[in-house]
Amino acid sequence: MLKGKHLIEPSDFTVNELEEIFTLADDIIQDPNKYLDACKGKLLATLFYEPSTRTRFSFEAAMLRLGGQVFGFSEASSSSVSKGESISDTIRVVGCYADIAVMRHPKEGAPKLASKYSDIPVINAGDGGHQHPTQTLTDLLTIRSYKKSFSNNVIGLCGDLKFGRTVHSLVKALSRYENIKFVFIAPPELKIPSYITEELTNHEFYQTSNLEEAIPELDILYMTRIQKERFFNEEEYLRLKGYYKLDHDKLNNAKDDMIILHPLPRVDEISPEIDNDKRAVYFNQAKYGMYVRMALILKLLGGDIIC
Amino acid sequence: MLKGKHLIEPSDFTVNELEEIFTLADDIIQDPNKYLDACKGKLLATLFYEPSTRTRFSFEAAMLRLGGQVFGFSEASSSSVSKGESISDTIRVVGCYADIAVMRHPKEGAPKLASKYSDIPVINAGDGGHQHPTQTLTDLLTIRSYKKSFSNNVIGLCGDLKFGRTVHSLVKALSRYENIKFVFIAPPELKIPSYITEELTNHEFYQTSNLEEAIPELDILYMTRIQKERFFNEEEYLRLKGYYKLDHDKLNNAKDDMIILHPLPRVDEISPEIDNDKRAVYFNQAKYGMYVRMALILKLLGGDIIC
Amino acid sequence: MLKGKHLIEPSDFTVNELEEIFTLADDIIQDPNKYLDACKGKLLATLFYEPSTRTRFSFEAAMLRLGGQVFGFSEASSSSVSKGESISDTIRVVGCYADIAVMRHPKEGAPKLASKYSDIPVINAGDGGHQHPTQTLTDLLTIRSYKKSFSNNVIGLCGDLKFGRTVHSLVKALSRYENIKFVFIAPPELKIPSYITEELTNHEFYQTSNLEEAIPELDILYMTRIQKERFFNEEEYLRLKGYYKLDHDKLNNAKDDMIILHPLPRVDEISPEIDNDKRAVYFNQAKYGMYVRMALILKLLGGDIIC
């Protein structure tokens, strides 16, 4: 029973609860018109203490497509924060107006704190470099939709594996399913932290810095941005940027049904020349992000329409 | 008949008109679902030349819960003001798009000026330190809901009584009802101005700086923030801050059915330790703020659904 | 068939397609209630990389009055742009969430670029000093509503004819209709560029700097702002500002059924003393702006309700 729950990190939900959400998302994708009034009379508050167009848009579109309504702020400057109000007071007041709230905050733990004082469900839409659980739900639904199952896949994760919270979160979430092999593809400076790999006791995995060598066996390739500011010198950054850039050449050696994911926005790590390749599903992934949020909101509000 | 009227200051409405609004608010609270489409097809413009999350949220939630829609801006920087347009032109253009408008403005009198040129009802959502009439309506509905009547109450107003516009406005509004005793609790630096007390010719009142002594006889305690910038020296501020802080100790001597109100946001003047005391109704007050705005909007638009 | 088309510049639509939009707008004006749910379940994204309250409001009100919903941003600072995302990626992601998008951008050509990558209709809401096609549609619908026909009119265009993009666009749009005489009224510093007049091969026109002499023969007078920053010295600016200011005196010599248009906001070029003259239709023009956008959105989405 998901009604009234908060979503602060992906592990707040059991595998069964996630399955409930994905099943509902499937049904929404099949027949979105059935859900046009599913949240009629319900209000979502979007509390973005830090701007994030993409994430905010996907939540707002999700609620609006359910027939619900939205109000909120898109940056802290236009909020009461300046008057010194605590997060716990803010969420209690917002709970007087809204039925469910989404919070993005630059400080780790802020959404968690809010949820403790909240009468309405709180969804974490990113707290600093910490958690971003609906991105993980998006990634999972995309994989599930294309691959039908989480199990029996080889997944390559490429780019900044050291700081990339979406990668850490996805690895942790996937490790709850059986028979997945992880390939961590990153330069030494940006390799996956050991506290992540140490938890992979029941899964095969290996690390490499060579995308071209790793690509042939992958069923899923999850690309992430390599950020300039992570490097000591620009030369090294420029060398690596090219080295990991996904293009036609590198794709030649990939499986026909491999899928390429990216949390977006991309900068240089995927060449636009492959955007029309059928394996490039990163824009569809954005669409799955909206559908999974529709299912999530509906579940937390206690609604459910599957005939 | 409230249809088409503006609300610039609380005295724009007669006691009977206020009663109309409160009666409608009662009915909305009883059965909000009856009002889900009450404002379908109607648009509210929120013109916030100065940010105010709480007030804006309560108006937007109110309109959305009536089935109406909302557009607007939340700070002047994203408005046409920069192009030098006059308030009178802005409201006439907004009147082409919207059915009703809410305006917050840093300058006293701006909403009044707008209302003179407007074809649609204009609600003042705060103009400088001047008026904030829907806060007063919120306070009144809260008192009426808990105490059933405005009359026959002793109300204590505590904190910054010199600059606090919500206090001035509430005192004036309550003075239209019979048999209310006012207790003004403030340090000498922040005592109530004489032009307020001079109008209380038909009401008992007294002034004190001692919250603990005053509290036992109160039916209603209205707390407000004491702002640091009002004091000449920090030492004095810190001493007084503690002196007026409402906590378990001070509440021990209060009546069992006293209610504690606060316009929010609070900073230090109410200890979170009393948040769960049943007398602490300041978060519910925020909810009454939404309901009273629902009733207000519906009345000004000429709608009315009470069977 | 307008369904799925983009609107980047006015000439993207044929005269017949424009007529389709105006006919639908007429019907909406006649009976707006018929369209209360015309866009139910549809989402408009408003992508304002540059603030523009008036234009954004008119689009949002249009969509909301059709029963559709709106999300977006009102200035670039709260968007993903800061993360270095390209316009082409942004529009593809927005296309996952929305059914139609409106874009204002400081750079010429940005909406055009977006439209090339977009799966959903893109409407240009102004790109730098370049195009602002829905202003032109607004001007045309206003003229058509008051004058019944575009042909057989003398139209005076007054003010900054050198830089004013709305004037250039309107002249080009009107030149597609027969028997219109253009009178260009401007100081020498701000006269209409020759590349505009050179295209008027089938129309009578003349240039003058004298508004008073020109006004008697006009059926339509289109006023625009004269901006201080266009002049070398302030003295010259102040002299001209008064010279072109429309007031009771100048109106005395105008036809009884002449109509005065202005894209707004106005600053000093129209005296408020004539606001109540029946020939002053510039505020109604703003209303036509909303109606024409309702018709436009509905057409691009493939909807159409005319019995």
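Visitor: Why is Thr55(A) called buried?

Guide: Buried means under 20% relative accessible area, with over 50% called exposed and anything in between partly exposed (1.4 Å probe, protein chains only). Thr55(A) has a relative accessible area of 7%, so Thr55(A) counts as buried. Before we go on: this is a predicted model, where local features need pLDDT of at least 70 and side-chain atom pairs count only at pLDDT 80 or more, while totals for chains, interfaces and linings use all residues. Residues are numbered from 1 along each chain as its sequence is written, chains are lettered from A and ligands numbered from 1 in the order in which they are written, and side-chain values use heavy atoms, leaving out hydrogens and water.

Visitor: What makes Thr55(A) part of a "binding site"?

Guide: That comes from UniProt, in an unreviewed entry, which lists Thr55(A) along with others, among them Arg104(A) and His132(A). UniProt positions are given in the numbering used here, feature names are shortened, and annotations may be inferred rather than shown by experiment.

Visitor: Which residues does Thr55(A) contact?

Guide: Contact means heavy atoms within 4.5 Å. Leaving aside neighbours within four places in sequence, Thr55(A) meets Phe48(A), Arg104(A), Ala125(A), His132(A) and Arg293(A). Thr55(A) itself sits in helix α2 (residues 53-65) of chain A. Helices (H or I, at least four residues) and strands (E, at least two) are DSSP runs, numbered from the N terminus.

Visitor: What joins the side chains of His132(A) and Arg104(A)?

Guide: A polar contact of 3.5 Å. The term covers a pair of N or O atoms within 3.5 Å; within protein, one must be able to donate a hydrogen and the other to accept it, and residues adjacent in sequence count only if both atoms are side-chain atoms. The side chains of Thr55(A) and Ser52(A) also have a polar contact, of 3.1 Å.

Visitor: Is His132(A) buried or exposed?

Guide: Buried, because its relative accessible area is 7%. His132(A) lies in the loop between β4 (122-127) and α5 (133-147) of chain A. Its contacts, not counting residues up to four places away in sequence, include Thr55(A) and Arg165(A).

Visitor: Why is strand β2 of chain A described as largely enclosed?

Guide: Five of the five residues of β2 (residues 69-73) are buried, so the rest of the structure largely encloses this strand. In a regular strand the side chains alternate between the two faces of the sheet. Here Gln69(A), Phe71(A) and Phe73(A) point one way from β2(A), with Val70(A) and Gly72(A) pointing the other way.

Visitor: What joins strand β1 of chain A to β2(A)?

Guide: Five bridges, and the two strands run parallel. Two strands pair if DSSP finds at least two bridges between them. Thr46(A) stands opposite Gly72(A) in β2(A).

Visitor: What makes β7 and β9 of chain C edge strands?

Guide: Chain C has an open sheet of five strands in the order β7-β6-β5-β8-β9, with parallel pairing. β7 (205-208) and β9 (259-261) each pair on one side only.

Visitor: How are chains A and C related?

Guide: Chain C can be laid on chain A with an RMSD of 0.0 Å by a turn of 120 degrees and a shift of 0.0 Å along the axis. The two copies are thus related as by a three-fold rotation axis. Superposition is by least squares on the C-alpha atoms of residues with pLDDT of at least 70 in both.
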